[in-house]
Amino acid sequence: RPLTECAIMLMPKKNRRAIHEQLFREGVMVAEKNFVMTKHGEVEVPNLHVIKALTSLKSRGYVKEQFAWRHYYWYLTNEGIQYLRDFLHLPAEIVPATLKRQSRPEPARPQRAKMPEGPGRNQGGEDRAAYRRGGPPGGGPDKKADAGAGSAEFAFRGGFGRGRGAPKE
């Protein structure tokens with residue numbers, strides 16, 4: 001095919017190998033959309049080489065690509081893991097970091113300290129209930145029951161708004 005139809009990206013094999021090793025080790029890779037950046041943040045290769053190598057893997061279905069806020073995010077697929085194992089000549093026991101289980105022991109929860117009991121603490125919550133009823137304990141209207149829609153009789157008065165108004169008596 002003519003060169004105008006198919007653009008070829010030539011890169012050293014050591015760069016491609018370094019990119020693939022880093023991708024297999026982590027299972028994911030991130031690259032800023034900056035084609036002139038001399039070095040990638042995680043691998044000592046030009047950023048353009050990282051973008052083009054992973055775009056090639058994406059076209060073959062070995063990685064999934066996300067793009068947001070000028071950054072590419074690539075995730076290895078199961079086929080990609082198998083391809084990189086073959087490319088890097090790795091045994092099946094070695095897996096990317098995204099497939100490894102985190103072996104963290106469950107942290108012990110701290111126990112709540114009991115509140116000191118004294119003359120200022122009311123155990124039953126009677127003060128709060130009295131406040132909601134509307135006064136001292138045992139008296140007054142219930143504030144919760146007397147609030148809200150339907151708690152009082154509602155009457156329309158004529159003279160406001162649209163319409164004819166109330167019939168004259």
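A residue is taken as buried when its relative accessible area is under 20%, as exposed when that area is over 50%, and as partly exposed in between, with a 1.4 Å probe and protein chains only. N47 sits in helix α2; helices here are DSSP runs of H or I with at least four residues, strands are runs of E with at least two, and both are numbered from the N terminus. Leaving aside neighbours within four places in sequence, N47 is in contact with A31, E32, N34, M37, T38, K39 and H40, contact meaning heavy atoms within 4.5 Å.

A word on where these values come from: the model is predicted, so local features need pLDDT of at least 70 and side-chain atom pairs count only at pLDDT 80 or more, while totals for chains, interfaces and linings use all residues. Residues are numbered from 1 along each chain as its sequence is written, and side-chain values use heavy atoms, with hydrogens and water left out.

Now the overall layout. The protein has four helices and three strands, running α-β-α-β-β-α-α from the N terminus on. Of its 169 residues, 20% count as buried. Among contacts between residues at least 6 apart in sequence, 46% join residues at least 24 apart.

The three strands make an open sheet in the order β1-β3-β2, with antiparallel pairing; two strands pair if DSSP finds at least two bridges between them. The edges belong to β1 and β2 (63-68), each with a single partner strand, so one side of each has no neighbour in the sheet. From one strand to the next, the twist averages 20°. Five bridges join β1 to β3, and A31 stands opposite Y72 in β3. Two helices lie across β1, β2 and β3: α1 runs at about 125° to β1, and α2 at about 130° to β1. These angles run from 0 to 180 degrees between N-to-C directions, using axes fitted to C-alpha atoms, for helices over the stretch in contact.

What about the core? A nonpolar core is a set of buried Ala, Val, Leu, Ile, Met, Phe, Trp, Tyr and Cys residues joined through side-chain atoms within 4.5 Å. The largest one holds 21 residues, of which L23, M29, V50, L54, V63 and W74 touch the most other members. At least two residues each come from α1 (13-26), β1 (28-32), α2 (47-59), β3 (71-76) and α3 (78-88), and α2 gives the most, with five. Not counting residues up to four places away in sequence, W74 touches G27, V28, M29, V30, A31, I51, L54, V63, K64 and E65.

Aromatic rings came next. Rings of Phe, Tyr and Trp (its six-membered ring) pair if their centres lie within 6.5 Å; planes under 30 degrees apart count as stacked, over 60 as edge-to-face and the rest as tilted. The whole structure has four such pairs. In one of them, the rings of Y62 and Y83 have centres 4.5 Å apart and planes at 10°, so the pair is stacked. Y62 lies in the loop between α2 and β2 and Y83 in helix α3, so this pair ties together parts that are 21 residues apart in sequence. Ring pairs also link Y62, Y83 and F87 into a cluster. F67 and Y72 form a tilted pair, at 4.9 Å centre to centre and 55° between the planes. F67 is partly exposed at 42% relative accessibility, whereas Y72 is buried at 12%.
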